[in-house]
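The questions below concern strand order, helix packing and an aromatic pair. Each answer ends on the value or name asked for.

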Amino acid sequence: MDILFRSVVGKLWMTIIALFAVVLTLFSLLLVQFFDSYYIREQGETLQELAKKLAQNFENSRNLPQSLQMASGLGEAYETGLIVVGSRMERLGREITPNLLPQDAEELLVTDPNLQLDKAVAGKYPAPARIIFKGDSGAPHDRQQFLAVAVPLTYSGDKHGAIVTYQAIEAIDESMLEIRKIIFVVGVLGFTLTTVFAFFLSSRIAYPLRKMKETAHQIAEGEFHAEIPIRTNDEIGELASSFNTMASRLNELVHALSNEKEQLASVLHSMVDGVMMVDADGKIVVTNPPAEHFARDWAYEHQEGNLPIIDLFRQVVATEQAVNADIAVQGRNWSIVMVPLYDRGQIRGAVAVLRDLTKERKMDKLRKDFLANVSHELRTPLSMLQGYSEAIVDGVVESREEQQELAKIIYDESVRMSRLVNELLDIARMEAGFVELSKETIALVPYLERIQRKFGTLAKERGVALRLVMDTALPSILIDPDRIEQVLTNLIDNALRHTPPEGTVTLRASGEQPLVLEVSDTGSGIPQEDLPFVFERFYKADKARTRGSAGTGLGLAIAKNIVEAHGGAINVQSKLGEGTTFIIQLPNNYKESEGTYSD
């Protein structure tokens with residue numbers, strides 16, 4: 001009910017019903033008052049005219065009893081009571097009075113001040129009076145109403161008195177009762193018709209409003225194509241048309257914003273640079289893949305997760321200007337530029353652009369290192385070849401033993417140069433996609449045990465423990481055994497060279513699909529800034545270039561290409577002073593249960 005009264009339909013219905021009730025009430029009161037006044041006036045005039053005629057008959061007649069008898073007959077004919085009084089208010093001809101009232105009631109009627117009988121005896125014509133009996137004796141005349149008129153009377157020549165004519169006004173009460181019944185019936189019919197009309201009218205008005213409300217809810221829920229049906233051409237119809245126009249333009253705007261958002265998201269995800277957006281509370285709300293990579297690296301290096309972005313955001317809020325910073329994370333160099341975002345003059349966040357400058361800053365170094373490595377690896381043996389050859393040609397070396405020793409050195413250096421050239425050719429072919437693999441099914445346990453025995457003597461000479469850890473049941477695998485042995489040989493040799501005496505080098509094999517091979521040591525480890533480049537050509541984490549011990553710097557690059565040619569992956573994990581672990585994952589395409597191969 002409360003909802004009905006708060007709605008437009010309820011308010012309009014209550015207004016129409018209240019207006020109808022007020023109008024009907026006023027109309028009823030005025031109608032009843034009009035009928036009552038009209039009846040009293042007309043009936044009073046009739047009674048007065050009758051009294052005047054009787055008074056005229058009394059004045060023209062010299063026989064009083066005869067006049068009284070005539071008046072009695074007229075009273076009975078008109079159903080009108082008659083009372084004739086003399087100058088001293090005495091009753092004249094009581095026996096002629098129609099039996100409308102008992103004697104005691106007639107006395108009350110005559111003495112009622114509203115009748116103004118004394119004026120009539122004095123020769124005046126008072127207005128008709130309504131006489132109401134309010135007795136409590138239980139008599140029939142109790143609580144009755146009469147209309148009485150008194151007119152002057154002259155009889156027996158010069159005597160003065162008054163004639164009183166009266167009638168009961170029950171007829172008017174009955175008429176008023178009928179009128180009230182009619183008004184009640186009309187009121188009920190009017191109330192019913194008004195209610196129907198009010199609901200019809202309010203429904204006609206409220207229908208488009210309800211549709212507007214429903215459409216507004218649909219638009220609020222994202223259905224921007226919703227429209228209001230237009231059924232009228234009035235103001236409400238125009239409002240509905242304007243609402244539809246607004247919804248259509250809003251739909252176009254949302255569609256345009258959605259397209260722009262998708263475009264921005266595509267651009268954001270395709271950017272090489274990282275992008276982060278920070279809100280006013282310092283929380284990261286938008287990132288793209290490069291920025292997520294930066295956040296993961298930072299979280300790995302700093303377990304508390306306090307990103308430098310937050311510190312830069314505080315500087316932006318404090319200075320209200322763009323802030324630049326260079327940050328090193330996990331061996332990578334990042335350049336960060338953060339600018340504030342404003343909303344009505346207040347900083348509501350900031351946008352940071354992160355650029356990975358690692359490759360750019362390492363390119364020059366890699367080029368210099370490449371030239372230095374090649375020149376170092378070639379210049380040293382060439383110098384030795386040239387020097388020892390000149391010594392032999394010039395006859396500086398006289399004994400045969402010395403000549404053989406110099407020849408042996410020349411041979412070793414030529415072999416070293418040949419190995420360097422072959423490795424350069426191998427890696428060039430691998431990087432060009434020309435990797436020749438001779439795959440065969442290998443039982444892993446004897447294969448790995450043989451590689452352990454191969455380095456057993458060298459490990460003992462250096463005082464390093466070489467361990468082999470394998471799962472209880474390793475599967476057979478389809479690989480190129482020579483190439484994989486080349487990879488493991490390079491990794492174990494590097495581990496032995498960088499592990500101090502009493503250290504440990506572990507070759508671990510586990511898993512089935514994929515097969516995981518790990519070579520770990522307890523050596524000096526690799527600096528964080530060198531981790532991303534250990535698989536680059538000629539890159540050496542050990543910057544000491546001791547001939548014969550530092551290698552060519554091509555082994556890990558070749559190992560990476562061999563593993564990837566097998567469809568696998570190689571990674572490195574290291575912390576300075578805690579050791580290094582190389583992890584190789586190789587897919588196993590041999591199904592032992594079926595004895596077949598799968599692509």
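Buried means under 20% relative accessible area, exposed over 50%, and partly exposed in between (1.4 Å probe, protein chains only). This is a predicted model in which local features need pLDDT of at least 70 and side-chain atom pairs count only at pLDDT 80 or more, while totals for chains, interfaces and linings use all residues. Residues are numbered from 1 along each chain as its sequence is written, and side-chain values use heavy atoms, with hydrogens and water left out.

Q: Is Tyr 166 buried or exposed, and what is its relative accessible area?
A: Tyr 166 forms an aromatic pair with Phe 146; rings of Phe, Tyr and Trp (its six-membered ring) pair if their centres lie within 6.5 Å. Tyr 166 counts as buried, because its relative accessible area is 0%.

Q: Which geometry does the pair of Phe 146 and Tyr 166 have?
A: Planes under 30 degrees apart count as stacked, over 60 as edge-to-face and the rest as tilted. The two rings are 5.9 Å apart, centre to centre, with 75° between the planes. The geometry is therefore edge-to-face.

Q: Which residue of β17 is the bridge partner of Val 572?
A: Strands β16 and β17 (residues 579–586) run antiparallel and are joined by seven bridges. The partner of Val 572 in β17 is Phe 582.

Q: At what angle do the axes of α14 and α15 cross?
A: Two packed helices are described by the angle between their axes and the distance between the axes. Axes are lines fitted to C-alpha atoms, for helices over the stretch in contact (heavy atoms within 4.5 Å), and angles run from 0 to 180 degrees between N-to-C directions. The axes of α14 and α15 (residues 555–565) come within 9 Å, and the crossing angle is roughly 145°.

Q: How many residues of the contact of α14 with α15 are nonpolar?
A: Ala, Val, Leu, Ile, Met, Phe, Trp, Tyr, Cys and Pro count as nonpolar, Asp, Glu, Lys and Arg as charged, and the others, Gly among them, as polar. Among the contact residues are Ile 484 and Leu 491 of α14 and Ile 558 of α15. Four are polar, one is charged, and the nonpolar ones number eight.

Definitions and conventions
Pairing = 2+ DSSP bridges. Helix = DSSP H or I, 4+ residues; strand = E, 2+ residues; numbered from the N terminus.
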